[in-house]
Amino acid sequence: MKTRRLAELGLLAAVALIMFVIEMRIPNPFPIPGIKLGLANIVTVYAVFRYRPYETAMIVAVRVILGAVFGGNPSALLYSACGAVCCLLGMLLLRKILPEKQIWLCSIIGAMFHNCGQIAAAIAVMRTVSVAAYLPLLLVSGSLAGLFTGLTAQFLLKRIHPSS
Amino acid sequence: MTKQAKIIAAAAAAVFLIAVILSVYILRKTPENRIEIVQDGKLLYTFNLNTAENQSIRIPAADGGYNSVVIEDGTVRVETADCPDQTCVRMGTLKSEHLPLVCLPHKLIVRFAEEGAA
């Protein structure tokens with residue numbers, strides 16, 4: 001891998017991590033586990049459309065692991081990792097059929113996949129399916145948050161690469 | 001929009017609508033009075049909120065932390081916990097049978113008993 005490419009990936013991972021840490025400082029108005037804005041996913045969505053799949057996976061892996069370290073909540077790692085893997089797989093598949101004009105749509109579906117992954121991890125860890133009741137709530141908030149991060153990534157791409 | 005994008009958008013909208021309807025259903029208040037406190041898949045306590053005395057139960061977690069569950073005038077809530085996210089505390093009192101109080105870091109669930117269960 002070229003040094004320049006590596007530096008770019010490192011920069012993107014750092015940006016994602018900074019957004020993750022800033023987001024922790026924003027009080028969450030919804031007292032339901034798993035609901036959050038997911039600002040760091042702006043970087044993920046951007047990377048899905050601009051970098052190769054394995055490069056995006058590297059950024060996400062670094063962000064999820066270091067996010068758990070900085071967040072001081074290692075037990076959240078499993079949930080976020082499961083969600084992130086599902087989200088990434090879903091978005092990488094959609095990337096193939098969706099043009100760059102529909103990044104917001106890709107992001108929404110990605111968020112839904114993320115919620116399904118989170119709940120699957122929660123069911124596995126808590127050994128009860130009753131937590132699945134959270135899925136509809138997470139899906140509603142997740143799609144809205146996904147729309148927001150997706151639109152942000154779309155505007156970002158337009159500004160960073162005005163020619164395309 | 002391409003045809004595929006339209007199909008995906010329609011599917012996303014359908015999932016969203018179903019989720020909204022289910023959310024409304026899930027957030028309804030329940031007439032059930034019996035509650036269960038479950039940790040890591042094991043049933044620790046059962047109470048009937050109508051008859052249970054006001055009390056505070058300290059539940060230790062596997063990682064050395066704890067949750068303090070309070071039963072008060074027919075309601076139950078997690079009063080304090082030393083988990084980092086405090087979501088279980090901020091969820092307030094248990095209201096819906098479909099939406100248990102959950103502390104993910106301590107694998108603790110406070111929920112209404114299922115229909116017909118002891």
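Contact is taken here as heavy atoms within 4.5 Å. On that basis, in this predicted model, the contact between the two chains draws 32 residues from chain A and 32 residues from chain B. The size of an interface is often given as the accessible area lost when the parts come together. For chain A and chain B the buried area is about 2700 Å², and carbon and sulfur atoms account for 74% of it.

Specific polar pairings across the interface were then examined. Between chain B and chain A, 2 residue pairs are in polar contact, with both residues at pLDDT 80 or more. The rule for salt bridges returns 1 across this interface. D40(B) and R127(A) form a salt bridge through their side chains, with an N to O distance of 3.8 Å. On the side of chain B that touches chain A, at least two residues each come from α1 (3–26), α2 (87–90), β6 (101–103) and β7 (108–112) of chain B. The element that gives the most to this side is α1(B), with 12 residues.

Chain B also contains an open sheet of 3 strands, arranged in the order β3-β4-β5 with antiparallel pairing. The pairing of β4 (residues 66–72) of chain B with β5(B) is antiparallel and extends over 6 bridges. Within this part of the sheet, the residue opposite N67(B) is A81(B) of β5(B).

S107(A) lies in helix α5 (residues 103–126) of chain A. The relative accessible area of S107(A) is 3%, and the residue is therefore classed as buried, the cut-off being under 20%. Leaving aside residues up to four places away in sequence, S107(A) touches V45(A), M91(A), G146(A), T149(A) and G150(A). Two of these neighbours are also reached through backbone atoms. The side chain of S107(A) lies 2.6 Å from the backbone oxygen of G146(A), and 3.3 Å separates the side chain of S107(A) from the backbone nitrogen of G150(A).

Notes. Residues numbered from 1 in each chain as written. Chains lettered and ligands numbered in written order. Predicted model: local features only at pLDDT ≥ 70, side-chain atom pairs only at ≥ 80, totals over all residues. Heavy atoms only, no water. Pairing = 2+ DSSP bridges. Helix = DSSP H or I, 4+ residues; strand = E, 2+ residues; numbered from the N terminus. Buried < 20%, exposed > 50% of the residue type's maximum accessible area, 1.4 Å probe, protein only. Polar contact = N/O pair within 3.5 Å; in protein donor to acceptor, adjacent residues only side chain to side chain. Buried area = accessible area lost by both parts, 1.4 Å probe. Salt bridge = Lys/Arg side-chain N within 4 Å of Asp/Glu carboxyl O.
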